[in-house]
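I opened my notebook to go through this chain step by step. Here is what I looked up.

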Amino acid sequence: SLRIALVPAAGHGSRFGAATPKQYLPLHGQPLLAHTLDVLCGCADIDRVVVVVSPADEWFDSYRWPHAKLEVLRVGGASRALSVANGLAALALDDDDWLLVHDAARCCLSPAALQRLLDEVQDDAIGGILAQPVADTVKQGTKVGRIAATIPREGLWLAQTPQMFRAGLLGEALQDAANPVITDEASAIELLGHAPKLVLGEAQNFKVTWPQDLALASAILQLVNV
Ligand code: CTP
Ligand code: MG
């Protein structure tokens with residue numbers, strides 16, 4: 001069976017608030033997305049890397065992407081889950097193929113964390129995701145910004161990507177992709193009654209979300225590339 005990375009890159013970056021979607025913002029002389037693709041395309045265990053962009057995307061074609069494994073699908077949807085579901089449907093994969101869904105906006109994923117996910121999930125019956133144990137004390141807030149409760153953090157994890165599942169199982173799970181409770185692939189698999197594996201992620205694999213995140217991503221890429 002093949003291993004295929006699927007990269008949803010059809011978002012608008014509304015929290016980032018730039019005129020250009022964040023995946024195309026310049027970072028060390030390349031679009032942010034190029035750094036994400038470098039890690040996935042550089043992994044010998046990944047056979048294909050498929051980027052899902054919006055049908056209205058006006059940026060992807062203006063770059064020369066130096067990656068032989070790279071393909072693009074212009075089937076992005078109204079939500080991340082729909083972009084992934086549309087991409088998966090367009091690929092017509094074998095049920096046994098592994099899909100690794102990875103946010104375009106997580107451009108600082110390390111090769112080591114990616115390899116850890118591949119190694120720890122390849123023999124798993126369900127699949128799994130990179131995630132990090134919650135380090136801070138967690139508060140439930142009220143609408144007026146006061147603390148309503150402290151949530152015990154034991155057993156709480158923050159989900160990252162890649163999220164690695166068999167194409168057949170993920171396709172079945174994402175038939176419900178319009179359901180707003182599906183905010184990552186694992187949540188869709190959970191709705192089928194399965195318990196995906198948690199594989200230790202890393203702090204550097206954060207998602208560029210807010211404007212101040214770009215400087216952090218720049219500093220991390222600078223550090224790992226020297
Ligand atoms: N994504 C997508 N299709 C969508 C929405 C998001 O492919 N309809 C992608 C984004 O491009 C990103 C990843 O899913 O790589 C994670 O989403 P997020 O960080 O929320 O990005 P945006 O949706 O672009 O940002 P925002 O929510 O702030 O608008
Ligand atoms: Mg979003």
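**Entry 1: the whole chain.** I am working with a predicted model. Along the principal axes, the C-alpha atoms fill a box of roughly 50 × 40 × 35 Å. I also noted that 38% of the 226 residues are buried. Then I looked at contacts between residues at least 6 apart in sequence, and 70% of these join residues at least 24 apart.

**Entry 2: the core.** Which residues touch the most other members of the largest nonpolar core? I got Ala 5, Leu 6, Val 7, Val 50, Val 52, Leu 99 and Leu 174, out of 57 residues in that core. Helix H1 (residues 32–41) gives this core its largest share, six residues. I picked Ala 5 and, skipping residues up to four places away in sequence, listed what it touches: Leu 40, Ile 46, Val 49, Val 50, Leu 100 and His 102.

**Entry 3: Asn 205.** I found Asn 205 in the loop between strand E11 (197–200) and helix H6 (213–224). Is Asn 205 buried or exposed? I counted 23 C-beta neighbours inside 10 Å, so Asn 205 goes down as buried. Cys 108 is 97 residues apart from Asn 205 along the chain, yet their C-alpha atoms are separated by 5.2 Å. Leaving out neighbours within four places in sequence, I listed the contacts of Asn 205: Arg 106, Cys 108, Leu 109, Ala 113, Leu 130 and Gln 160.

Key:
Residues numbered from 1 in each chain as written. Chains lettered and ligands numbered in written order. Predicted model: local features only at pLDDT ≥ 70, side-chain atom pairs only at ≥ 80, totals over all residues. Core = buried A, V, L, I, M, F, W, Y, C linked by C-beta atoms within 7 Å. Buried ≥ 20, exposed ≤ 12 C-beta atoms within 10 Å, placed from the backbone. Helix = DSSP H or I, 4+ residues; strand = E, 2+ residues; numbered from the N terminus. Contact = placed C-beta atoms within 7 Å.
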